[in-house]
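The sequence and structure come next, followed by notes grouped by topic.

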Amino acid sequence: MAVVDLTMPKMGESITEATILKWLKQPGDFIKMDETLLEIATDKVDSEVPSTTEGILDAVLFNVNDVVPVGAVIARIKTGAVETANTTIPISPNTSEEIIYQPKQIDPVSFPGHSSQSASYQQASTNGNGMSRFYSPLVLNIAASEGISMSELEKLGGSGNEGRVTKRDILEFVNRKKSGNVSSEPRVWSQNTKVRSQEPESIYLQQDPVTYKESVQSAASNSQLTASYSGNVEIVEMDRMRKLIAKHMVDSKHTSAHVTSFTEADVTNMVLWRERIKKDFEKRENEKITFTPLFIEAIVKCIKKYPWLNSSIDGDKLIVKKDINMGMATALPSGNLIVPVIKNADQLNLVGLTKQVNALANAARTNKLKPDDTSGGSFTLTNVGSFGSLMGTPIINQPQVAILAVGAIKKRPVVIETQQGDSIAIRHMMYLSMSYDHRIIDGALGATFLNAVAKELENFDANREI
């Protein structure tokens, strides 16, 4: 029998890791080709991972709630197929130590700013007893960044399995060394002090040395903080998705220079047209038509006129996207938010947009979105009016440069201009707001685009055919 490695699949260009939610099979179970083996979650969407072959599940290499990088081996399946011998170091699923995974070898010398001395750090060394000792890439990079020599590493006692040095061990050693409390004797750790890290190594390994060093110091200081609360309070732990949303929002504020512009639109023609055709539309297309596809249609027309709104920033370069992939913020039953993406929205007519909007919204509500359904967005629409809000100041969905919010449609008396003069009439009015990245979108362009969208909605053809 040959052994086939099952790796964490790639689920979109911006997704680098996933959290294991549930193993549906256990070692020793028979599994068919394409049968679901486990459930995973990314910062975009929950998904299922099917088996790539048929056979007996030999081992699972990560536990529930482990964060695993894309491309890492997560399980092994025994099969009769001829495959190349597997060389990945097995990890017991029941181990209580910090999980160490190696999707690829990472040499500390490759990090900019590290001296040539970093090359002396190796993945394994030999201790005084002649035993081979393993160091994870994270531990080695912390050591290189903090100037810890290999001899100091060898003397450092580890709290992990078989005395392995974990992230917690190296960070505490860094703190003790800075405070002058480093003992010349190797530190022995009790098995009761094992603490498993929840942070994947990729968080550190993808950072530049300055940011990386700040992250290490922050992690060390945060590990020593004990929160206290006064008064009559209830402590509610954030669920996984809420934590990801919180991080995504804060990261966006730290990345983009947010500016928000506002305008209003008289959408009376559009409201009356939808009211007139919605029953016939549903009967003919078997789909309910909402305002969302009408908003998307108007935005797409304006993006073609002002393509910089459909872009992203890479350093000092503006990446203008030729494909218009419209994200639409959608509320989940849990109260969390997700952004499914309508790919190539400019190539769809109103019927096609309506079908895509309804299909993605339904998939979001029933937790059936696929990873590809939430990737590749180039511009986002959020309907804050669906909850009764008149307007909002939305946060940009990175790496995009703009997000447009539409408020609730309200009847108001407004002044309208006619050939006979000004008059006051009851009209269906709606506020629009758009947050944009001021690093590349100036106020003139942002306001011009927003008003262009408002004009498209105001000039809606009330006699158009479905």
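At what angle do helix H7 and H9 pack, and how far apart are their axes? The angle between H7 (residues 268-285) and H9 is about 75°, and their axes are 13 Å apart. This is a predicted model, in which local features need pLDDT of at least 70, side-chain atom pairs count only at pLDDT 80 or more, and totals for chains, interfaces and linings use all residues. Residues are numbered from 1 along each chain as its sequence is written, and side-chain values use heavy atoms, with hydrogens and water left out.

**Overall make-up**
- The protein has ten helices and 21 strands; helices (H or I, at least four residues) and strands (E, at least two) are DSSP runs, numbered from the N terminus.
- Of its 466 residues, 43% count as buried, where buried means under 20% relative accessible area, exposed over 50% and partly exposed in between (1.4 Å probe, protein chains only).
- Among the contacts with a separation of 6 or more, 64% are between residues 24 or more positions apart; contact means heavy atoms within 4.5 Å.

**H7 against H9**
- The angle makes H7 roughly perpendicular to H9, a term that covers 65 to 115 degrees.
- Axes are lines fitted to C-alpha atoms, for helices over the stretch in contact, and angles run from 0 to 180 degrees between N-to-C directions.
- On the H7 side, Trp 273, Phe 281, Arg 284 and Glu 285 meet Leu 350, Val 351, Thr 354 and Lys 355 of H9.
- The residues of this contact comprise four nonpolar, one polar and three charged.

**The second largest pocket**
- The volume of the second largest pocket is about 520 Å³.
- Its lining has 20 residues, and Thr 292, Ala 329, Thr 330, Ala 331 and Ser 386 lie nearest the centre.
- Strand E15 (330-331), helix H9 (350-365) and strand E18 (379-383) each give two or more residues to the lining, and H9 supplies the largest share, five residues.
- A pocket is an open set of points on a 1 Å grid over the protein atoms alone, where a 1.4 Å probe fits, with protein on both sides within 12 Å along at least five of seven lines; lining residues have an atom within 4 Å of a point.

**Two single residues**
- Pro 333 lies in the loop between E15 and strand E16 (337-338) and is exposed, with a relative accessible area of 67%.
- The C-alpha atoms of Pro 333 and Arg 365 are separated by 6.3 Å, although the two are 32 residues apart along the chain.
- Glu 146 is in helix H1 (residues 137-146) and counts as buried at 16% relative accessibility.

Key:
Points joined across faces, edges and corners; volume = space filled by probe spheres on them. Parallel < 35°, antiparallel > 145°, perpendicular 65-115°, else oblique. Nonpolar A, V, L, I, M, F, W, Y, C, P; charged D, E, K, R; others polar.
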